[in-house]
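Try each task before you read its solution.

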Amino acid sequence: MTITKRIAAGALALGLGAAGTAALAQDSTYYYVSPDPIGLNPFLQMGEAGIRDAAAAHDAKAVVIESDTPQSRLENVSAAANDGAEIVVVLGFEFSDVLLDIAPIYPDTQFLIVDQCIWEDRPRNVSCAVFREHESSFLMGAVAGMLTETDKVAAVSAIDIPFLHRYTDAFAAGAKHVNPDVESDVRWVGGQNPFADPVRAKEQALALAAGGADVIFSATSGGDFGVFEAAQEQGFKVTTVDVNHCPTAPGHILDGTLKRVDEVIQISVERILDGEESFVGVYGLEEGGMSAISLLDDDQLAASECLVADMPEVLAKVRELAAQIRDGSLIVADPMAAN
């Protein structure tokens, strides 16, 4: 277990127990437990930003705990609740079983799981915030389908699980929607650390490029930087996820989805403080939880350094499709619906 050095929570990291950390719980304390070391992972960074902003808005303390193994996730959530946390926020599918075990033991602590939900037998003190990732991923596919010169596009994602098909399947559908001739492929990073392995992600991207893909959708979290490196070496274009990565690989990144994890955490904390119990918040294009760089206002888009900023015809089409998704006239199939 590693705790960020920017917070005064050393006692917990040193295993001093409740007595050693009692000062942290004198007022309201909000904990954020990450599934993996935060490092340069922008998705996990947004979780940290969200809990800090929520705590600042309510004069609470923010404590960030980084996990590095399945066992540490369980121990960290348990330690946060035992320390008297008012709210514990966890991020990712890795925590579903953890909360089923821990939440009933601490009925006075409210737990929020983001990017995943416990759909059956959810404890009353567990709430969820989930996203319709497939909507924005469909838009990235549309960008790729319009701009491919080989009629071959592809996606690199972390592991072959139903949830991540929201990215890969929707991307392929978006490409096909605007370009019936397009072919799409997908490669999975896999390995021991699929969400933070730029070396393996790069290898998969290079293999896809060798097969003719000239636009690749990178949805590997911490591995995305390996895909960007491959793009710089081989000259293909990329669409990305979660945050604006365009400055990372100038001239190679077309567009990206935007996942407002930080804002959704703040919204969810407000709902918890208002007394809502065991709610499920769902956020897509219409609610603003999901978006895309191509949907930003003109000033933000111009500053993004994304190639799509200088492609008015592509922008117009993406915005048209987004409007159709928002008003329900275009339904993007959810690969999770069958699971």
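**Exercise 1.** Find which residues lie nearest the centre of the largest pocket.

*Solution.* Step 1: the lining of the largest pocket comprises 31 residues, and nearest its centre are Asn-41, Phe-43, Phe-195, Ser-221 and Gly-222. A pocket here is an open set of points, on a 1 Å grid over the protein atoms alone, where a 1.4 Å probe fits, with protein on both sides within 12 Å along at least five of seven lines; lining residues have an atom within 4 Å of a point.

Step 1: the largest pocket holds about 510 Å³ of space.

Step 2: sorted by class, its lining has 16 nonpolar, nine polar and six charged residues. (Ala, Val, Leu, Ile, Met, Phe, Trp, Tyr, Cys and Pro count as nonpolar, Asp, Glu, Lys and Arg as charged, and the others, Gly among them, as polar.)

Before going on, note that this is a predicted model, where local features need pLDDT of at least 70, side-chain atom pairs count only at pLDDT 80 or more, and totals for chains, interfaces and linings use all residues. Residues are numbered from 1 along each chain as its sequence is written, and side-chain values use heavy atoms, leaving out hydrogens and water.

**Exercise 2.** Describe the second largest pocket by its volume and its lining.

*Solution.* Step 1: its volume is about 310 Å³.

Step 1: twelve residues line the second largest pocket, with Gln-116, Cys-117, Trp-119, Arg-166 and Met-336 nearest its centre.

Step 2: seven of the lining residues are nonpolar, two polar and three charged.

How values were computed: Grid points are joined across faces, edges and corners, and a volume is the space filled by probe spheres set on the points.
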